[in-house]
Amino acid sequence: MAILKARGSRSQDAQHPPSSTSSNFLRTRTMTTPIPSPPRIPFLGTVTALDKDLPFQSMNLLAKQYGEIYQLTIVSRKILVVNSQRLVNEVSDERRFRKMIGGGLAEVRRATGDGLFTAHVPGDENWYIAHRLLMPAFSTTAVHGMYDDMMDIIGQITLKWDRFGPQHAIDPAADFTRLTLDAIALSSMSYRLNSFYREDPHPFVHAMADFLYESMTRANRPGIVQALKRKSQAQYEEDQKIMLSLVDEIIQERKAHPVEKNDLLNVMLNGVDKETGKKLPDENIKQNLLTFLIAGHETTSGMLTFAVYYLLKNPEAMRKLREEIDTMIGDRVVSVKDVNKLPYLLAVMRETLRLSPSAPGRGCGAIEDTTLVDGKYAIPKGMSIVVNVAAAQRDPLVYGSDADEFRPERMLDGKFEALPPNAWQPFGYGMRACIGRAFAWQEVQLTLVTLLQKFDLVLHDPSYELRIKQTLTIKPDGLRIHAIPRAGRQRLIAVPSSALFQQEGKRDHAPAPVATDGLKQAMYVLYGSNTGSSEAFAQRVATDAAGHGFRATIGTLDSATGHVPTDGPVIIITASYEGKPTDNAAHFVEWLSSLKANEMVNVVYGVFGCGNRDWVQTYQRIPKLCDETLAERGADRLAPRGEGDAASGDFFDAFDRWEAQLWEALSKRYQTTSGAAGAGIDVKTVDAGTARAGVLRQPDATLGTVVDNRLLTTPGAAPKRHIEFELPENATYRAGDYLAILPVNPARDVHRVLARFGFSAEQEVTISSGGPTSLPTNKAVNLFTLFSGYVELSQPATKRDLRALAEVATSNETKKALEEYSNSYTDLVFGKRLSVLDILEAHPDIKLSLGALLGLLPSMRIRQYSISSSPLWNPQHATLTISVLETPALSGRTEPFLGVASTYLAGLRAGDKVQLAVRASSAEFHPPGDPEVPLVMFCAGSGLAPMRGFLQERAMQKEAGREVAKSLLFFGCRSPKDDFLYGDSDLKTWAEMGVVDVRPAFSRAPQESEGCKYVQNRIWHDRQDVKTAYEAGCKFYVCGASKVAAGVKESLIAIVKDSNQEISDAEAAETFHKITSGRYATDIFE
């Protein structure tokens, strides 16, 4: 635990008020550097700079903005926050600084009193007595003796996960809390809490969580406000009673039934201090017992949960750890002799605590007036100092430019031991360091080894990004996982590719009951998908399977990691994202790549890949890897790998052709026949439309809220909009990340389909399906809701759609038109964006049923937009800068073509709720941690979005007093009057601050941009400045359409060749890739 907020009153550790500084100290202060501070509000100080629920997050953002030290003022109390390794090392000198019990920790002291964690030292004699008595109880030898009790409780969590099964979504933070609380109680007090035999957590857990949160919150309240909080005060006192009642119960049980075991409780009850001859007073025993129940489990459960998160988000680390466990321990039960013998496991634990120390900070104060950094900062005696361990352990001067990344290798091969002093300090330091470190260290090792021996772990939401929940400690919030037993029959997990689909109910992977007589042959359909395209194709194969004589099971690729089925064909449909696997395929790809022999010899498979050829170097990389590696490892390929290029007009048709080949190959291989079962979509009318259906939305807490939506361009210009959102609770982001938006179709198009079929918008139907579907099944839903949010209405029809429409067309003229569409598909359908709805309206004689229509329409996809703000501006708000697509319809319709997502976003008003989620961008597409590294940015139109976020972050850092390098922004638009986004506001201000030098290229007013029409022209014109920036160590960023990216790259390669005219174009391109490796990041969109 740690002090993260300072209380409004003086810390009780400061035995004297801050001294009236001596004349020498006054002279020193006049010579030192002023310590920066966030803006103050009269009477309250800087209270508003800290989020009341997540002060940890606020303090880290302030560290990013202000640097290694800043000052907070909480009401009238001044607090220093130190954030770098060199300052943490200096305040860890116990000759000059000592731990202070202030802020939230001073509130915790109301219950734990003179316990080890909250005692005043020097001052409290009981601390010294308890410390001398209890240190041997937590020695390595003593902790080894707790092995049996620890394994007893670990066996209970293992049994629970196994019995609940792989479909159950586990809350690891809750279960690890049960585990660690029961383990400390049994191991140190021989007392069973039996948390795994309760449906709800032990009452102690709820009371403790509420007590710690209230302690943290009270630290920030002025006394007069606290006096008015009578209800919270009553609950605070009740929580303390609940916690202390358990302590009393444990002590009374021991006194009534003594045990011979020399556990922690017996030491406290019976131990005599050799130095003073005294025993611990009864009240102090209670206080220490409560301290151990709180601190002995809360931080360890957090560490375990963070470790699981980081391993699941880093498949290579998970693979290496599993290999180490399988090699060194195998199937035997882990023993106490294995503790501290698995180097990669230790590296994982150390790296976990580096990135996310459960206690992210601590408090201390100067014993006498002093200075930091050789006189740079003056520190008066008794002034509160918050040691921001979490920020210091990400110091790029110690851990490098990848300090924010999870990389256990930095803790291996002597690197951990070679770290500078106090660069890694998650357990505190010195005489007040965590007494139970050995206990926690052993418990975590035994738990992780046992769980990874028995289970493959999979994220419930593959796109989950870390959210924090804070009391006085921190834990992941909202993390859910599945535990798939490694032994036994194959079990796949089919979770939607985005949490947005889960929240909206827009994915129903469990098929409705369907007749399966004669469907003896199993089939497994595995997908890797982020935005839903591959998942939709996989659903289609699984849905069609029954009609071809197969019993299909659908799941993510990750759910098949380590155990690809061999009792039926395995169909893999997956995408690549910049050459990397999707979120729900990363572990599978890492595992598959590590195979060395013929492990896949009994597997029969087929692969279809989704990609975008604009990413030339990485196009289809993951599908190719899966296909080739499976074959190399002995698997039998059913049909040639299929390829779908999202940038071409052949994307859906390519899948149709491949699927036809697949069914033909499967029929020959397994001797199945078509028509064995039906799996179509059946729609029944429930209500004629006299009552409105319920809205299928989550509670407001899971939604973002629109704060502002304004037009950035002049009337008549292609519209660009600035939209500000308040994020869902506990959502966090970095500059460069995305917002994933789940849109709805334009109301105009929904009314079009209803009118074509003669339905009322209020009419309700129920849908049943024989296979996995994206539609809401077995529940009443009104048609307007159905066509608004569950299906795509504007997507071009596929050749398969055309064949289906031709089968139900009743006139020869229509059949001939459909045949012509199919023969000239690229020109007449894809090129003109001709949708199924367009065709149905043009040909009213097509007698298509509603169920058949829903079977043709693809499911609604999420859209990702680059965030155009920085969390340093506002961590709870994010902005988008978007282009609104409203263009003449190429299909010939008189009404314009409306982009689905951009039309939806453009129509939002302040106060509207939007289903959204933060998605992390690639690790490379973030501004460097060091603000003195210059940025060179290239973009056009709404591609400015992430660059605005980068520059906003740099501007906030410069305003805070940090040294910030000037960046170059090459920005393309039409003219300075029409669409020079933020040109008269943010960009102008930031240029005046010296943060950026803007180099525009106006395509319709080149005379106002040095004669340059496009970004690539301006790059060449200003090539000397680009060279200078490169030599200064800059990083390059590109955001825009593929044509923009190609033009930028072409100009930069030309600059390389201009510097050495003897090399060929190919050599210049190769040189460019070499010299920009690790310094050139792209974000390309269409």
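A search of the whole structure, which is a predicted model, finds 6 cavities of 30 Å³ or more. I shall discuss two of them.

The chain is divided into domain 1 (125–354 + 407–485), domain 2 (524–670), domain 3 (692–743 + 862–921), domain 4 (758–855) and domain 5 (923–1084). Between the C-alpha centres of domain 1 and domain 5 the separation is 48 Å.

The largest cavity has a volume of about 140 Å³. Where does the largest cavity lie? Domain 3 and domain 4 both give residues to its lining, so the largest cavity lies between them. The lining comprises 18 residues, and those nearest the centre are Arg748, Arg752, Asp838, Arg893 and Phe897. In terms of secondary structure, at least two lining residues come from each of helix H24 (747–757), helix H29 (836–842) and strand S28 (897–898). H24 supplies the largest share, with 3 residues.

I turn now to the second largest cavity, whose volume is about 60 Å³. Which domains contribute to its lining? Domain 1 and domain 2 each provide at least three residues. The lining of the second largest cavity consists of Leu312, Val458, Leu459, Pro462, Thr556, Asp558, Asp583, Asn584 and His587. By class, 4 of these residues are nonpolar, 3 are polar and 2 are charged.

Thank you for your attention.

Notes
Residues are numbered from 1 along each chain as its sequence is written. This is a predicted model: local features need pLDDT of at least 70, side-chain atom pairs count only at pLDDT 80 or more; totals for chains, interfaces and linings use all residues. Side-chain values use heavy atoms; hydrogens and water are left out. Domain bounds come from an automatic or database domain assignment. On a 1 Å grid over the protein atoms alone, a cavity is a set of points where a 1.4 Å probe fits but cannot get out, and a pocket is an open set with protein on both sides within 12 Å along at least five of seven lines; lining residues have an atom within 4 Å of a point. Grid points are joined across faces, edges and corners, and a volume is the space filled by probe spheres set on the points. Helices (H or I, at least four residues) and strands (E, at least two) are DSSP runs, numbered from the N terminus. Ala, Val, Leu, Ile, Met, Phe, Trp, Tyr, Cys and Pro count as nonpolar, Asp, Glu, Lys and Arg as charged, and the others, Gly among them, as polar.
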